[in-house]
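Biologist: I would like to learn how to read a model of this kind with care. Could we go through it together, one feature at a time?

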Amino acid sequence: MKTSVTLRPQPKLELHYTQAMEKSLQVLTWNRAELMRQLRLRQKNNPYLRTIQSDWLNFTSSPTSLKADLCGQLSNLKQPIQKHICQILIESLNDQGFLDDSLQDLAQTFHVPLPVLELHLSWLQQLEPAGVGGKECAGMLDFTAAAFWLSESDRIFNCL
């Protein structure tokens, strides 16, 4: 009886967390002032670095309202009447994005047929943030959950 022993190399993957990796990741925690200070410091130590004035370091975000954001998303509506009706609905929203008035009252006030107003409300509810135009918090959560599950099912379906 003959016994043989063979050696087969087994690849082994190991990840070592180094101090260089930690320093690289630390950059992600810096605020704008710290980032600028570090860039200036590195520029003083390295004569080959040049100062490049870029917009991404000097950005300022202008605060916008929910209503302004929603109106900006209406650009894909082709007919002016569609935009006008959606803008009526947007102006009827409160600051939290709820629709305080009933659709019947809005239809009577603006002389728009109720089915047309309901159609435009459904378009409005497809804009970001999800759930805008609900009657109360539960309604907004229903729209948000429906949007989430729809996007999840699309992703699952596309993977099959």
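The dialogue below takes up confidence, then the overall fold, the nonpolar core, a helix cap and a backbone angle.

Biologist: Where in the protein is confidence lowest, and where is it highest?

Modeller: This is a predicted model, and where pLDDT is low, the predicted coordinates should not be read in detail. Here the mean pLDDT of the protein is 76, with 74% of the residues reaching 70 or more. Confidence is lowest in helix α7, residues 137–159, at a mean of 50, whereas α5 has the highest, at 90. Over residues 152–160 pLDDT stays under 50, and the model has zero contacts there beyond four places in sequence.

Biologist: How many helices and strands does the protein have?

Modeller: There are seven helices and zero strands. Of the contacts with a separation of 6 or more, 46% join residues 24 or more positions apart, and buried residues make up 22% of the 160 residues. The accessible surface comes to about 13,200 Å², and 59% of that surface belongs to carbon and sulfur atoms.

Biologist: Which residues have the most contacts inside the largest nonpolar core?

Modeller: In soluble globular proteins, nonpolar side chains tend to be buried together. In this model the largest nonpolar core has 18 residues, and those with the most contacts inside it are Leu70, Leu89, Leu103, Leu117 and Leu124. The elements that give two or more residues to this core are α4 (80–91), α5 (103–110) and α6 (114–124), and α4 gives the most, with four. If we leave aside neighbours within four places in sequence, Leu70 is in contact with Ile90, Leu93, Leu124, Leu127, Glu128, Pro129 and Val132.

Biologist: What caps the N-terminal end of α2?

Modeller: Asn31 does, through a side-chain oxygen that lies 3.3 Å from the backbone nitrogen of Ala33. As for the helix itself, α2 covers residues 32–45, and its 14 residues reach 20 Å from the first C-alpha to the last, close to the 20 Å expected at 1.5 Å a residue.

Biologist: What is the phi of His111, and where does this residue sit?

Modeller: The general idea is that most residues other than glycine have a negative phi, and most peptide bonds are trans. His111, although not a glycine, has a positive phi of about 55°, and its place is in the loop between α5 and α6.

Biologist: Is His111 buried or exposed?

Modeller: His111 is exposed, with a relative accessible area of 73%, where over 50% counts as exposed.

Terms used:
Residues numbered from 1 in each chain as written. Predicted model: local features only at pLDDT ≥ 70, side-chain atom pairs only at ≥ 80, totals over all residues. Heavy atoms only, no water. Core = buried A, V, L, I, M, F, W, Y, C linked by side-chain atoms within 4.5 Å. Buried < 20%, exposed > 50% of the residue type's maximum accessible area, 1.4 Å probe, protein only. Contact = heavy atoms within 4.5 Å. pLDDT = per-residue confidence, 0-100. Expected span 1.5 Å × (residues − 1). Polar contact = N/O pair within 3.5 Å; in protein donor to acceptor, adjacent residues only side chain to side chain. Areas by Shrake-Rupley, 256 points an atom, 1.4 Å probe, with all protein chains shown as cover.
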